[in-house]
Amino acid sequence: MDRRTFLRQLVLYSLGLSLSAPRFGVAATGAETAGAAELSLVSGADYSAVVRRALQLLGGMERFVRPGASVVVKPNIAWDRTPEYGATTHPLVVKTLVELALQAGAGEVRIFDHTCNEKRRCYVNSGIADIVGAIAERRVKLDYIDSRKFVEVKITGGRSLDSWEIYRDALTADCYINVPVAKHHGLSGLTLGLKNVMGVIGGNRGRLHHGLAQKLADLATVVRPTLTVIDATRLLLRNGPQGGRLEDVRQTDTVIASADPVAADAVATTLFGLEPERIETTVAAYQMGLGQMDPNQIHISEQRL
Amino acid sequence: MRTGDRAAQKPLYRRLRLVRMASQLGFLLLFLFLFVNTDYSGSDTIQYAVNLLFRIDPLLAITAMLAVRAVIALMLPALLLVGLSLLLGRFFCGWVCPLGSLVDGVQPAMKHGRRRQTTLFPGLAMSLLLVVLVSALLGLPLAGYVDPFSILVRGLAQAVYPASHNMAESFFTMTYLHAPAWVNQITEPLYGFLKETVLPFERKYFALSLLSLAVLAAVFLAEAVQRRFFCRNICPLGALLGWFARLGPTGLRGGDDDCGACRLCSRICRMGAIDERRRIDPQRCSLCMDCLVRCPRQVIFFRSFLPGSRGVGVSLSRRRLVGTLALGCVIPPMLGVRRLTAAPDPLLIRPPGALAEVEFLQRCVRCAECIQVCIGNGLQPVLLEAGIEGIFSPHLVARTGYCEFNCTLCGQVCPTGAIRELTRAEKHRTKIGNAWFDTDRCLPYARGIPCIVCEEHCPTPDKAIKFRTVVMVDDLTGQQQEIRHPFIVDELCIGCGICETKCPLPGRAAVFVTSDGEMRNPDNILPRKGETDQWGY
C-alpha cells in the first residue's frame with residue numbers, strides 16, 4: 001500500500017467510525033397511574049444511624065443492591081459550600097449509603113455530580129471528597145463528570161422534551177440511588193429528588209428552566225432512581241439553591257427514603273410546611289404516573305431515634 | 001600550564017558540560033512542574049511558589065519598581081540573581097533559563113548550513129533594555145512584552161497547554177467511543193493518569209491564544225536564522241545579566257595567536273561571544289562550556305579579570321544611546337492624550353484585588369499566571385481595551401467564564417502585587433464590577449417567560465439578584481399574567497459575572513457585567529438611592 005492509498009483509507013475509516021457513533025435507547029417507564037408507595041421517615045442526631053434505620057424500614061439495602069451490582073450514589077454537590085449551609089448533601093448521609101451498598105455486595109459504587117461551581121471546589125468543600133476518600137475500598141469511585149459520557153437519549157414519553165443528553169453511568173447502573181438535599185429554590189419552589197436529575201444531564205441546563213416542572217417530569221421517565229434518599233438533616237429555607245447564610249438553614253435531622261421518587265418529594269415538601277401540590281414538578285410527575293403523591297396511597301414508617 | 005596538562009583537563013571540561021546540561025534539564029523540569037501546578041489543588045492556597053521564575057527576574061523587578069517608584073518586596077528574590085550574575089557572569093542564560101533550554105532543545109531540528117555566526121543586531125538587546133528601563137521610569141510598562149519568561153508562560157498557558165488538553169481529549173474520546181474494549185483497557189487508565197498528572201483539569205478557552213503562540217513560536221523559528229537568536233539579539237533580561245557579568249570578576253580566557261588559523265571556538269559559540277581574535281566577551285558568554293570541550297588546544301579556561309583587562313563588551317554609540325533614551329521618553333506622553341485615558345472601557349473588568357488602573361498596569365508584567373490559574377476560565381488577556389500598552393494584561397470576560405466566589409488564587413500567584421492577595425472574606429466584599437439586565441433580551445422582561453438561572457447562580461449569601469412580581473399583558477394573547485422580573489441590587493453585586501456566564505440565552509447574555517462600581521476606582525462609583533453624595537445623585 002502506498003502512502004496515498006493509506007491516507008485515503010485512513011480518512012474513510014475515520015469517517016465511517018464517526019458516523020457510527022453509538023445511540024442510546026432507554027425504555028420509557030411509567031404506568032397511567034402509580035400504585036401505593038412505601039416510604040420511611042427517620043429523625044435523629046446520629047445521621048449514620050438515621051440512614052441505616054431508614055433503609056432497614058424499607059427492607060434493607062439488599063432489596064435494592066444485588067451482589068455484584070454496579071451502584072451509583074448521586075448526591076447534590078452542585079455548589080462550593082460547606083455542609084452546614086444546607087446547599088449540598090450531607091457527607092455522612094452519602095458515606096453511610098456507600099457503606100450500605102458495599103455491605104450489600106455491590107460490585108462498584110460510583111459517586112458523582114455535574115456541579116454548577118468549579119467541580120473540584122464543590123467536591124472538596126462539600127466534605128464529600130474527604131469522606132469518600134477515607135473509605136478504603138477499591139470498589140468506591142468518586143468521579144468528576146467526564147464530558148465524553150453524555151449520550152443523547154430519546155424521551156419517547158416526554159410531553160415537553162424529545163431528547164436530552166444524559167450521563168451514561170446514571171443510565172447503565174444496576175442501582176441508581178438519588179440522594180438530594182432538601183432546599184428552597186427560586187423557580188421550582190423546592191429542589192428535591194426530581195430536580196436532582198440536573199446533576200446527571202448535559203447540554204444547556206439553563207434552557208430547561210423554561211417550563212421546568214414538565215421537563216423534569218419528562219426526564220424522570222428515563223432517569224429512574226432505584227431508590228431516593230432525601231437528606232433533610234438541614235433544610236435551606238431561603239436564598240436557595242445555593243444559600244450561604246446560616247440563618248437560612250433549619251436543622252431537622254431527618255432522612256426520607258423511598259423507592260418512589262414522587263412520594264419522597266411529596267413527603268419532603270411537607271417538612272417545609274407546604275402542601276405537596278404546591279410543587280409543580282411533583283404534580284407533573286404524578287400526572288405522568290411516575291409515582292404516588294396521594295397521602296392515602298403513601299405508607300409512611302416514621303421513627304425518631 | 002603546559003599543553004600536556006591542558007589535554008588532561010578534557011574529561012573535566014566534558015563533565016562540566018554535562019553538569020550544565022543536567023542543570024538545564026533540571027531547571028526546565030522544575031519550571032514545568034511549577035507551571036503545571038499553577039492550579040487549584042484542593043486547598044484554597046496555592047501549594048508551591050509557582051511564580052518563582054518571575055520573582056527572580058531582575059528585569060521585571062527593576063522595571064516594576066521604577067514604574068511605581070517603590071520597593072516591591074515580592075520581587076526582592078531578584079537580588080539573588082543579580083548577585084550570582086555579578087559573581088559568575090551570564091550563567092543563567094546557559095544553565096538555568098527554561099526558554100534558553102527549550103531553544104537549545106529544538107536546535108537539532110533546525111538547518112545548520114547557512115546560519116550566521118556573528119550576532120545580527122549586536123546592539124538591539126541593549127537598546128531594548130534601555131527603552132524598557134526609561135519608559136518604566138516614566139510610568140510605561142513594556143518589560144512584559146520582551147521578557148523571556150512572560151513570552152514563554154503566556155505562550156504555554158494560553159495556547160500550548162490548553163491545546164494539549166484539546167488534543168488528548170479528542171484522541172481519548174475517539175478511543176472511548178470507537179475503539180474495542182481491549183484498547184480502552186489501556187487507553188482509559190492512561191488518560192486518567194495523564195489527567196491526574198500533566199494535563200489541564202478542564203478545557204479552557206483563551207482570547208489571543210494564536211497571538212501568544214505566534215510570539216513564542218517566533219522565538220523558536222528564529223533559531224533558523226542563527227543559534228540563540230532571541231537570546232543574543234532581543235532578550236533584554238540577557239542584556240541586563242550581561243551588563244552585570246561585565247562588572248564581575250570572572251570570565252573565560254580565549255585562544256591566542258598560537259592558534260594559527262583555527263577559529264573553531266568562534267564558529268561554534270551559540271551566543272556569538274567569541275570574536276575573530278578569539279577573545280571571549282563575558283557580556284555575551286553563557287558559560288555553556290562547548291568551546292572548552294571542543295578547543296583542539298584546550299587553551300580556553302576560566303580566569304579572573306585583572307583591572308584593565310576586561311573583555312570586548314557591547315556598548316552603544318553615543319548617538320544610539322541618546323536616540324534610545326529619547327524614544328523611551330517620548331512614548332509615555334503620547335499615550336496620555338488618547339480618548340481611552342479620558343473614558344476607560346467599561347468592559348475592562350480587572351481581577352479582584354487589582355490595584356487602581358495606572359499602578360496595576362505599571363506592575364503587571366503580562367506573565368499570564370493569573371489567567372492560567374483562574375479556575376473559572378474567567379480571566380482573559382486584553383487586546384486593546386486597556387490601550388495598546390495594556391495588551392496581554394488580564395480582564396474578566398464573563399460570557400466564557402466567571403470569577404469563582406470563594407477563590408483567591410489570582411492574587412496569590414501574581415508575582416508583582418498588581419493583584420493584591422485577598423483573604424476569602426475580603427474577596428467576598430471586593431466589588432470588581434456590576435451586573436445589568438438587558439431587558440430587551442431577558443426572557444421574563446422581553447417575552448414573559450419565567451427564568452431564574454442567574455438568580456440561582458448568584459453567589460452572594462444575600463442574593464444580589466432579586467425578583468419583583470409584576471403583572472404583564474401577553475403580547476400575543478392579550479391576557480394578563482403574573483411574572484417575576486429579576487433585578488440587580490448594586491450594593492450586593494460584586495461583579496463576579498456568573499450570571500452572565502450561565503445565562504441560558506444563546507449568543508449575547510441578557511445579563512452582563514461592566515466595571516461600573518468597581519472598588520479600586522473611586523471615580524467609578526454607582527449612585528445610591530436615598531443618599532445625596534458629592535455628585536448630587
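**A loop residue, and the chain around it**

Author: Happy to! Let's begin with Ala368(B), which counts as buried because 28 C-beta neighbours lie inside 10 Å. Please keep in mind that this is a predicted model. You will find Ala368(B) in the loop between helix 19 (357–363) and helix 20 (369–373) of chain B. Its backbone is what makes it worth a visit: phi of Ala368(B) is positive, about 70°, although the residue is not a glycine. Most residues other than glycine have a negative phi.

Is Ile46(B) buried or partly exposed? Ile46(B) has 19 C-beta neighbours inside 10 Å, so it counts as partly exposed; the cut-off for buried is 20 or more. Counting along the sequence, Phe33(B) and Ile46(B) are 13 residues apart, and their C-alpha atoms are 13 Å apart in space. If you leave aside the neighbours within four places in sequence, Ile46(B) is in contact with Leu409(B), Gln412(B) and Val413(B).

Now step back to the whole of chain B. It holds 25 helices and eight strands. Among its 537 residues, 44% count as buried. Its C-alpha atoms fill a box of roughly 105 × 70 × 40 Å along the principal axes. Take the contacts in chain B with a separation of 6 or more: 75% of them are between residues 24 or more positions apart.

In one pair, helix 10 (residues 148–178) of chain B packs with helix 12 (residues 209–221) of chain B at an angle of about 135°, and their axes are 8 Å apart. Helix 10 and helix 12 of chain B are therefore oblique to each other. The way helix 10 of chain B passes helix 12 of chain B is a left-handed crossing. Which residues meet there? From helix 10 of chain B come Ile151(B), Leu152(B), Arg154(B), Gly155(B), Gln158(B), Ala159(B) and Val160(B), and they meet Ser209(B), Leu210(B), Ser212(B), Leu213(B), Val215(B), Leu216(B) and Val219(B) of helix 12 of chain B. Sorted by class, this contact has nine nonpolar, four polar and one charged residues.

The other pair is helix 8 (residues 124–137) of chain B and helix 14 (residues 236–247) of chain B, whose axes come within 8 Å and cross at roughly 95°. That makes helix 8 and helix 14 of chain B roughly perpendicular to each other. On the helix 8 side of chain B you can pick out Ala125(B), Met126(B), Leu128(B), Leu129(B) and Val132(B); these meet Pro236(B), Gly238(B), Ala239(B) and Leu240(B) in helix 14 of chain B. By class, the residues of this contact divide into eight nonpolar, one polar and no charged.

Helix 10 also leads us out of chain B to its partner. At the boundary, 28 residues of chain B are in contact with 23 residues of chain A. On the side of chain B that touches chain A, the elements giving two or more residues are helix 10 and helix 24 (453–457) of chain B. That side of chain B has 16 nonpolar, six polar and six charged residues.

Let's finish across the boundary, in chain A, which has nine helices and twelve strands. Buried residues make up 53% of its 305 residues. A compact globule of 305 residues would have a radius of gyration near 19 Å, and the 20 Å of chain A agrees with that. One element to find here is helix 8 (residues 261–271) of chain A: nine of its eleven residues are buried, so it is largely enclosed by the rest of the structure. After helix 8 of chain A comes Gly273(A), with a positive phi near 75°.

Chain A also brings us back to where we started. Like Ala368(B), whose phi is positive, Asp253(A) is a residue other than glycine with a positive phi, here near 50°. Asp253(A) sits in strand 11 of chain A. With 16 other C-beta atoms within 10 Å, Asp253(A) is partly exposed, whereas Ala368(B) counts as buried. Pro241(A) lies in the loop between strand 10 (227–236) and strand 11 (249–258) of chain A. Most peptide bonds are trans.

Methods: Residues numbered from 1 in each chain as written. Chains lettered and ligands numbered in written order. Predicted model: local features only at pLDDT ≥ 70, side-chain atom pairs only at ≥ 80, totals over all residues. Axes fitted to C-alpha atoms, helices over the stretch in contact; angles between N-to-C directions. Helix = DSSP H or I, 4+ residues; strand = E, 2+ residues; numbered from the N terminus. Parallel < 35°, antiparallel > 145°, perpendicular 65-115°, else oblique. Left-handed = near helix turned anticlockwise from the far one by under 90°. Contact = placed C-beta atoms within 7 Å. Nonpolar A, V, L, I, M, F, W, Y, C, P; charged D, E, K, R; others polar. Buried ≥ 20, exposed ≤ 12 C-beta atoms within 10 Å, placed from the backbone. Rg over C-alpha atoms; globule rule 2.2 N^0.38 Å.
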